[in-house]
Structure formats: C-alpha cells, structure tokens
Amino acid sequence: MSVHSNVKKVTTHTLHEMKLAGQKISMLTAYDFSMARIVDEAGIDVILVGDSASNVMAGHETTLPITLDQMIYHASSVVRAVKRSLVVVDMPFGSYQGNSKEALSSAIKIMKESGGHAVKMEGGQEIIESIGRILTAGIPVMGHLGLTPQSIYKFGTYVVRAKEDEEAQRLIEDAKALEAVGCFAIVLEKIPAQLAAQVAKMVSIPIIGIGAGNGVDGQVLVVHDMLGINNEFNPRFLRKYNNLHEQMMQSFQAYITDVRSGDFPNESEQY
Ligand code: KIV
C-alpha cells in the first residue's frame with residue numbers, strides 16, 4: 001500500500017500470486033500520460049512502456065532507433081499518470097547488449113529518471129550476466145523471448161518463431177535460465193501456442209503472451225493496435241476492440257466541415 005494513496009498497487013509479487021491462483025494477468029502498452037491514465041483507470045495489471053513507441057509514436061519501421069532518453073521521456077509521462085498498475089519499461093536496443101556494466105547503468109538511469117517499477121530486456125542466455133547484475137541492484141527484470149523485434153535484422157522477417165524443434169528447445173532453455181537468474185516474468189512473442197503453454201507450465205514465474213495462445217498466464221497487446229488506430233496492421237493474433245481509425249477520421253472530417261462552414265464555434269461555444 002502506498003503512503004500517498006489507498007490504492008492497492010500491483011507489484012511483481014502480486015503477479016506471482018496471480019499465477020499461483022490461476023488468475024490471468026492483463027498487460028497493455030502506453031507511452032503517454034493521457035493514454036496511461038485511462039489504461040490504469042480501466043484496471044490493467046501491467047503497463048508496458050514498450051520500445052514499440054519507436055513504431056507507433058515515432059513512425060520508425062523498427063524498434064531499433066529509439067534512444068534511452070526517449071524511452072525515459074515516454075516512461076516518465078506514463079508514471080505520472082499511473083495510480084495502480086505496475087509500470088515496466090523496455091530497455092532500448094543498444095542500451096544493454098554491450099556489457100553488463102553498461103546494462104546496469106542504463107537500467108539505473110531508467111529507474112532514477114522515469115520512476116518506472118521494472119525493466120524488460122529481449123534475449124536469453126546471452127544476456128544472463130547483464131540481467132543478473134541489474135537484479136543485484138534491486139531492479140526487477142521482465143524477460144522477452146520468441147520474436148524479439150530488436151533482432152529483426154538477424155531474423156529477417158516478423159514470422160512466427162520457434163516452430164522448429166531446435167529453436168523451440170533453445171527457447172525452453174532460455175526461459176529456464178531467465179527464471180533461474182531471477183526474472184519476475186517473461187513475455188513470449190509470436191510462438192506456437194503449444195510451446196508457450198509448455199513453458200508456462202514449466203516455470204514458476206508468470207508468462208505473458210502476445211501471439212502465443214491462451215495457455216499462458218497473461219496477455220499483452222500494443223494499445224494502438226487493439227484500439228484499431230492503425231488500420232493497416234492486422235496480424236492473426238490481434239483482436240481489435242475498437243475501430244478508432246475510422247472513428248477518429250469521422251471526427252476530424254466533421255470538425256473540418258464545421259470550421260469551413262462557419263458552424264463551429266456557435267454562440268454557446270464563445271465568450
Ligand atoms: O515493445 C513492445 O510493445 C513489446 C510488446 C509487443 C511485448 O515488447
């Protein structure tokens with residue numbers, strides 16, 4: 001319980017208890033104050049300040065260009081809005097792959113300057129030393145396996161990962177390694193549902209899926225995608241809960257019409 005409010009905040013411990021109780025965990029991205037306020041008020045358990053901000057906020061083709069300072073800007077805007085949700089901040093490409101010392105100083109900068117509650121890192125055994133060092137500093141780490149968009153130039157495409165036995169086996173070993181080092185949860189992105197369910201059963205920490213089926217402990221989506229803001233992104237795993245692209249388009253066009261016709265503002269809308 002916070003000393004500043006009587007809202008019961010979601011912690012990494014809460015997520016662990018939810019897994020034990022068989023309660024599914026809801027997670028959505030947010031990158032700005034206004035969106036985060038609504039997402040938090042709606043009762044989402046975890047808000048991810050994803051490096052997908054690089055795509056949906058900045059218009060880049062990949063997540064690679066976003067910087068540590070830009071992630072901190074987005075994360076601090078989100079943190080100012082949030083009363084209940086756990087805020088997890090993506091460590092951007094280039095901020096942790098060099099060595100564990102660099103990884104620790106990037107994680108500390110995120111925690112100090114954004115006020116976020118945890119960080120997320122893409123990768124398995126190859127980044128275990130860095131994760132361990134960050135955890136030693138008391139910073140909770142969420143892992144991310146399967147399709148890891150920061151490695152898109154290695155993969156070549158955004159197709160489903162770990163369909164072949166060898167990659168599936170490596171993913172299982174990576175998930176076990178992330179659990180053993182002390183990650184509090186793992187995101188599994190775009191892998192076969194059966195494999196994701198197997199991993200969720202195998203480890204004691206929560207597994208949050210995106211395009212990983214229903215046999216996991218929770219789900220995450222990019223908020224702009226689930227609201228239907230981008231009408232050109234329609235992967236199989238995405239359920240659209242709205243069609244904001246159309247609704248926003250209609251609102252903007254109605255406004256343009258009203259301004260042009262002189263209908264807006266009317267007498268009750270002026271001083
Ligand atoms: O950056 C992001 O939004 C993510 C989610 C897709 C899990 O990593």
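User: Which residues are around the ligand, and what makes a residue count as near?
Analyst: They are Thr29, Leu48, Gly50, Asp51, Ser52, Asp90, Lys120, His144, Val187, Ile210 and Val222. A residue is near a molecule or strand if one of its heavy atoms lies within 4 Å of it. The model is predicted, so local features need pLDDT of at least 70 and side-chain atom pairs pLDDT 80 or more, while totals for chains, interfaces and linings use all residues. Numbering starts from 1 along each chain as its sequence is written, and side-chain values use heavy atoms, with hydrogens and water left out.

User: How far from a ligand oxygen atom are the side-chain N or O atoms of lysine 120 and aspartate 90?
Analyst: For lysine 120 the distance is 2.9 Å. For aspartate 90 it is 3.1 Å.

User: Are H8 and H9 called roughly parallel or oblique, and why?
Analyst: Helix H8 (residues 165–181) and helix H9 (residues 193–202) pack at about 25°, with axes 10 Å apart. Angles under 35 degrees count as roughly parallel, over 145 as roughly antiparallel, 65 to 115 as roughly perpendicular and the rest as oblique. H8 and H9 are therefore roughly parallel.

User: Which residues make the contact of H8 with H9?
Analyst: H8 gives Ala168, Leu171, Ile172, Ala175 and Lys176, and H9 gives Leu195, Gln198, Val199 and Met202. Contact means heavy atoms within 4.5 Å. Seven of these residues are nonpolar, one is polar and one is charged.

User: Is the crossing of H8 and H9 right-handed or left-handed?
Analyst: H8 passes H9 in a right-handed crossing. The near helix is turned clockwise from the far one in that case; left-handed means anticlockwise by less than a right angle.

User: At what angle do H4 and H5 pack, and which residues make the contact?
Analyst: H4 and helix H5 (residues 100–114) pack at about 35°, with axes 9 Å apart. Leu68, Asp69, Ile72, Ala75, Ser76 and Val79 of H4 touch Ser106, Lys109, Ile110, Glu113 and Ser114 of H5. By class, the contact has five nonpolar, three polar and three charged residues.

User: What is omega for the cis peptide bond, and which residues does the bond join?
Analyst: Omega is about -5°. The bond joins phenylalanine 264 and proline 265. Proline 265 lies in the segment after helix H11 (244–261).

Conventions: Axes fitted to C-alpha atoms, helices over the stretch in contact; angles between N-to-C directions. Helix = DSSP H or I, 4+ residues; strand = E, 2+ residues; numbered from the N terminus. Nonpolar A, V, L, I, M, F, W, Y, C, P; charged D, E, K, R; others polar. Polar contact = N/O pair within 3.5 Å; in protein donor to acceptor, adjacent residues only side chain to side chain.
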